[in-house]
Amino acid sequence: MKTVLKFCIFAAGLALGQVVLAQASPVTSQLLAQRVEMVAGKPVLKPAGDGKPGDVLQYSATYRNNGTAAAGKLLATVPVPPGTTFIAASEQPGAAQASTDGSTFAPMPLTRMVKQADGSMRKEPVPLADYRALRWELGSLPAGATSVVSLRVSIDAPAVASAAKP
């Protein structure tokens with residue numbers, strides 16, 4: 001399962017890098033992926049290393065304003081890599097928005113309209129496995145200041161290809 005974890009870290013880093021390029025140049029970001037292990041009933045963060053289905057990862061993004069003036073309207077975005085499922089209420093700080101496509105964000109929990117058998121439409125929750133990114137509106141980040149956002153995901157079991165039947 002080494003490939004699964006390494007891909008999750010690569011995909012998250014690639015998406016985070018795209019967000020930073022869109023921001024003002026004095027603001028930098030760094031993404032850290034760590035494995036969450038429960039020790040004596042408390043979560044302990046360890047190096048990500050190799051992962052397997054069911055493992056919990058925490059993605060933390062640190063945004064730093066290296067400029068001499070405050071950076072305004074800062075949006076911090078952390079991807080939820082393919083092959084992982086967002087863990088509800090794991091976002092820090094709270095009040096993050098979520099997206100299923102990485103570009104349109106809305107308050108959580110996400111919902112969608114689903115057509116019923118009788119033709120009527122009903123609002124249903126979007127499965128957490130469909131979340132692809134979280135975003136925080138950090139507002140103004142003073143010169144020299146940092147802000148950290150994080151979320152947790154679990155590594156999904158690999159999809160099993162069904163054998164073709166004659």
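This is a predicted model: local features need pLDDT of at least 70, side-chain atom pairs count only at pLDDT 80 or more; totals for chains, interfaces and linings use all residues.
Where is the place of Pro109?

1. The protein has 11 strands and one helix.

2. **Pro109 and its cis bond.** Pro109 sits in the loop between strand S7 (106–107) and strand S8 (111–115). The peptide bond that joins Met108 and Pro109 is cis. Its omega is about -5°.

3. **A cis bond at Pro93.** Gln92 and Pro93 are also joined by a cis peptide bond. Here omega is about -10°. Pro93 belongs to the loop between strand S5 (84–86) and strand S6 (97–99).

4. **Ala95, in the loop between S5 and S6.** This loop also holds Ala95. Phi of Ala95 is near 65°, a positive value in a residue other than glycine. Is Ala95 buried or exposed? Ala95 is exposed, because its relative accessible area is 75%, and exposed means over 50%.

5. **Lys73, in a strand.** Lys73 has a positive phi as well, near 55°, and is not a glycine. Its place is in strand S4 (residues 71–79). Lys73 has a relative accessible area of 79%, so it counts as exposed.

6. **The five-stranded sheet.** Which order do the strands take in the open sheet of five? The order is S2-S1-S3-S11-S5, and the pairing is antiparallel. Strand S2 (42–47) and S5 are the edge strands, each pairing on one side only. On average, neighbouring strands of this sheet are turned by 40° against each other, direction ignored.

7. **The S3 and S11 pair.** Within that order, S3 stands next to S11. How many bridges join strand S3 (residues 56–65) to strand S11 (residues 146–155)? There are nine, and the two strands run antiparallel. For a place to look, Gln58 stands opposite Arg152 in S11.

8. **Burial and surface.** The protein has 166 residues, and 33% of them are buried. Its accessible surface comes to about 9600 Å². Carbon and sulfur atoms account for 59% of that surface.

Definitions and conventions
Residues are numbered from 1 along each chain as its sequence is written. Side-chain values use heavy atoms; hydrogens and water are left out. Helices (H or I, at least four residues) and strands (E, at least two) are DSSP runs, numbered from the N terminus. Buried means under 20% relative accessible area, exposed over 50%, partly exposed in between (1.4 Å probe, protein chains only). Accessible areas come from the Shrake-Rupley method with a 1.4 Å probe; for residues, only the protein chains shown count as cover. Two strands pair if DSSP finds at least two bridges between them. Axes are lines fitted to C-alpha atoms, for helices over the stretch in contact, and angles run from 0 to 180 degrees between N-to-C directions.
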